[in-house]
Amino acid sequence: VARHLDRALAVARRPTAARLPSTDQGLPTSLTVVGAAQEQAAQAVPLRLTGSLRLLGTAGSVSGPTVTATPDGGTFEGTLGGSTPGNGNAAVTFTAQSAGAGTLALDLTAVGALNAQELAPPSGFSSWAGWAAAGPPLGERRQALDLLVAVAATGARQSSYSPYLGADLTGTGSTTFRYAFAPPPTELAGRPALQPKWGAIALAGLALLLLLLNGALLWRRA
């Protein structure tokens with residue numbers, strides 16, 4: 001368990017767009033345990049966010065998890081969601097406060113990741129191997145096994161949607177999401193309002209009247 005958790009921790013500390021460890025790649029498909037138990041839980045994939053949200057043409061601020069304030073808004077650099085069951089379903093809110101009318105410029109990239117904070121070994125150990133060598137109590141060993149199962153579930157969930165949304169490549173396929181505001185639609189140039197030209201209208205009316213009189217005279221002669 002410790003060896004696989006150390007590998008997961010290394011992946012969490014250096015997030016990339018590669019697929020996460022799962023039973024298809026990097027994690028064991030089975031483990032021998034004593035006193036096996038069953039647990040049902042919802043599982044979500046944490047996302048590593050990088051990018052920025054800027055306010056153009058006005059003053060303001062951007063705040064929220066993983067946000068670092070900048071003079072024109074904020075930058076994103078961090079992981080949202082957790083590997084432990086039930087910790088990845090909470091809603092996350094970002095707030096943009098603007099002093100006036102302006103434009104929001106969003107440039108955000110998100111990739112599936114593991115949460116390094118949750119994968120840190122207990123009791124201040126720098127590695128899971130060091131934790132295991134110290135002879136941890138039964139309670140901590142059970143928690144470590146639960147954490148490994150949660151990591152495997154996270155990797156399996158990412159692998160299931162990665163080929164569907166991204167590249168269908170065995171073992172190395174991944175999905176990267178990029179978000180940005182679409183440019184405003186181009187407004188069609190409106191035609192200028194037409195103004196009546198009364199002189200031309202009067203001449204057209206006179207021509208129509210003469211045409212009718214001429215037609216009447218021709219009908220009489222016939």
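**A leucine patch and its context**

Reply: Leu206 has a relative accessibility of 46%, so it counts as partly exposed; the limits for that class are 20% and 50%. The model is predicted. Leu206 lies in helix H4, which runs over residues 198-221. Together with Leu209, Leu210 and Leu213, Leu206 makes up a nonpolar patch on the surface, and the four have about 380 Å² of accessible area together. As for the spacing of such positions, an α-helix has 3.6 residues a turn, so residues three or four places apart point the same way.

The buried residues in H1 are Ala2, His4, Leu5, Ala8, Leu9 and Ala12. Because they cover an arc of only 160° around the axis, they sit on the same side of H1.

Two loop residues deserve a check of the backbone. Most residues other than glycine have a negative phi. Thr66, not a glycine, has a positive phi of about 65°; Thr66 is in the loop between strand S2 (60-63) and strand S3 (67-70). Ser123 also has a positive phi, near 60°. The loop that holds Ser123 runs between strand S6 (103-112) and helix H2 (128-133). With a relative accessible area of 57%, Ser123 is exposed, the cut-off for exposed being over 50%.

Methods. Residues numbered from 1 in each chain as written. Predicted model: local features only at pLDDT ≥ 70, side-chain atom pairs only at ≥ 80, totals over all residues. Heavy atoms only, no water. Buried < 20%, exposed > 50% of the residue type's maximum accessible area, 1.4 Å probe, protein only. Helix = DSSP H or I, 4+ residues; strand = E, 2+ residues; numbered from the N terminus. Arc of directions from axis to C-beta. Patch = residues over 30% accessible without salt bridge, like charges linked within 9 Å, V, L, I, M, F, W, Y side chains within 5 Å. Areas by Shrake-Rupley, 256 points an atom, 1.4 Å probe, with all protein chains shown as cover. Salt bridge = Lys/Arg side-chain N within 4 Å of Asp/Glu carboxyl O.
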